[in-house]
Amino acid sequence: MAHTPVYYGDYLQLEKLLDAQHPVSFTGPEKAHDEMLFVVIHQAYELWFKQILFELEAVNATLEKPALNDNSPELQTVVHRMKRIVTILKVLVHQIDIIETMTPMDFLDFRDMLRPASGFQSWQFKVIEARLGLKFEQRHGLHYYTSQLKEPEIEIIKNAEEQKSLIELVNAWLERMPFLDDDTYWKDAEPLTADFRVNGLPYFWQLYRHIYIKSLAEAEANNAALFDKIFLADSEDRTLSAKAARAALFIFCYRGYPMLELPFQLLDTLLEIDNELGNWRSRHINMVRRMIGSRIGTGGSTGAGYLQGAMDKHYIFKEIAQLNSFLIDRRKLPVLPGSLTALLGYHKMD
């Protein structure tokens, strides 16, 4: 087929894009110069939010497959797209540097004209949080969280909350890890003595649990009970099942094996996403304090106080980060049997 020539401006729809900035102060007798910057910055945020959602939906669609092939390019693509999300989030943090070229007095030139508009009305950002795994009941300020939105936007967010989130899909993916709880790999290992044994727990984890508890300092004694809570039984107040938590910890411990490299990158990237979201919220709080001090937000929130509460509460992958509390010294890790390490390395073709 003949190629139809494409013109740069038409392809990007620049006529629409460049005509989408209409600062409210520009309709009055005195234009607030910095309002143009304010509009462009927030439009750029929303475009990046759109791209994050585009990447996230592709990741979730792949992980939702009944049998994700960990030895295919699919997992590599998932990790690649998640790392792209991390990079975009870093850009969002750096955009605050541009906003901060505006002084508090520059902002006051047009701030009151914006009421009751607020960045809190960004429904795309709420959808991102929901698709990552932030549950409604975990949100800070439930009474306020959708109160400023239009009904169609509320429906979009509710629909996002009803779908399987990234953390739920990762939990299911971790539960599918083969060999992890299969005691046949340890059939030739030394029998465990009574102080090692825990009924119903696979051999490897009985051994690991004993080594971990022995490594605790006196002040960390409570971690033994916490280990059992997280890795031995499922709990309604947790997103990760005990089986998924064991799989994730195993990946963290033995990530040096080739077959666990990509799974480790996936889990580590989740922690990077939380970290960058935290950085963005922290910078946002400091910027708000600099710009308006203790005044309320244009949308009626408590301003910096509300943002601080959200930052303290909205850690989506904290259960994965918590697993680092249960790592043991690399030199004390149980030595894996040869039949198992053969599955975790590269295989020579016969």
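Colleague: Among contacts in the chain between residues at least 6 apart in sequence, what percentage joins residues at least 24 apart?
Modeller: The share is 75%, counted over contacts between residues at least 6 apart in sequence. Please keep in mind that this is a predicted model.

Colleague: What does the secondary structure of the chain come to?
Modeller: The chain has 15 helices and 0 strands.

Colleague: And what box do the C-alpha atoms fill?
Modeller: Along the principal axes, the C-alpha atoms occupy a box of roughly 85 × 65 × 35 Å.

Colleague: How much of the chain is buried?
Modeller: Of the 350 residues in the chain, 43% are buried. The accessible surface is about 19,600 Å², and carbon and sulfur atoms contribute 55% of that surface.

Colleague: Turning to charge, how far apart are the mean positions of the positive and negative charges?
Modeller: They are 2 Å apart, with 38 positive and 47 negative charges in the chain.

Colleague: Let us go inside. Which residues of the largest nonpolar core touch the most other members?
Modeller: That core has 97 residues, and those touching the most other members are Leu174, Tyr208, Phe250, Leu266, Leu267 and Phe317.

Colleague: Take Phe250, then. What is Phe250 in contact with, leaving aside its neighbours within four places in sequence?
Modeller: Phe250 is in contact with Met177, Phe179, Leu180, Phe204, Trp205, Leu260, Leu336 and Leu344.

Colleague: What covers the buried residues of helix 8?
Modeller: The cover includes helix 3 (35-63), helix 4 (73-99), helix 6 (123-132), helix 11 (242-253), helix 12 (258-292) and helix 14 (318-322).

Colleague: Which backbone nitrogen lies 2.8 Å from a polar atom of the Asn171 side chain?
Modeller: The backbone nitrogen of Ser241 does. Beyond its neighbours within four places in sequence, Asn171 is in contact with Thr239, Leu240, Ser241 and Ala244.

Colleague: Back to helix 3. Is Glu55 buried or exposed?
Modeller: Glu55, which is found in helix 3, is buried, because its relative accessibility is 3%. With neighbours within four places in sequence left aside, the contacts of Glu55 are Arg81, Arg84 and Ile85.

Colleague: And Leu63, buried or exposed?
Modeller: Leu63 also lies in helix 3. Its relative accessibility is 1%, so Leu63 counts as buried.

Colleague: What does Leu63 touch, leaving aside neighbours within four places in sequence?
Modeller: Leu63 is in contact with Leu68, Leu166, Leu169, Val170 and Arg176. Of these, Leu166, Leu169 and Val170 are among the buried residues of helix 8. As for Val78, it is 15 residues from Leu63 in sequence and 8.0 Å away in space, C-alpha to C-alpha.

Colleague: Changing topic to the loops, where does Lys187 lie?
Modeller: Lys187 is placed in the loop between helix 8 and helix 9 (203-215). Lys187 counts as exposed because its relative accessibility is 63%. Between Lys187 and Pro258 there are 24 Å in space, C-alpha to C-alpha, and 71 residues in sequence.

Colleague: Which loop holds Gln13?
Modeller: Gln13 lies in the loop between helix 1 (8-11) and helix 2 (14-17). Its phi is near 50°, a positive value in a residue other than glycine.

Colleague: What is the relative accessibility of Gln13?
Modeller: The value is 43%, so Gln13 counts as partly exposed.

Colleague: Finally, where is Ala2?
Modeller: Ala2 is in the segment before helix 1. With a relative accessibility of 75%, Ala2 counts as exposed. Ala2 and Val288 are separated by 286 residues in sequence and by 54 Å in space, C-alpha to C-alpha.

Terms used. Residues numbered from 1 in each chain as written. Predicted model: local features only at pLDDT ≥ 70, side-chain atom pairs only at ≥ 80, totals over all residues. Heavy atoms only, no water. Helix = DSSP H or I, 4+ residues; strand = E, 2+ residues; numbered from the N terminus. Buried < 20%, exposed > 50% of the residue type's maximum accessible area, 1.4 Å probe, protein only. Contact = heavy atoms within 4.5 Å. Areas by Shrake-Rupley, 256 points an atom, 1.4 Å probe, with all protein chains shown as cover. Lys, Arg positive; Asp, Glu negative; His and termini not counted. Charge placed at Lys NZ, Arg CZ, Asp CG, Glu CD. Polar contact = N/O pair within 3.5 Å; in protein donor to acceptor, adjacent residues only side chain to side chain. Core = buried A, V, L, I, M, F, W, Y, C linked by side-chain atoms within 4.5 Å.
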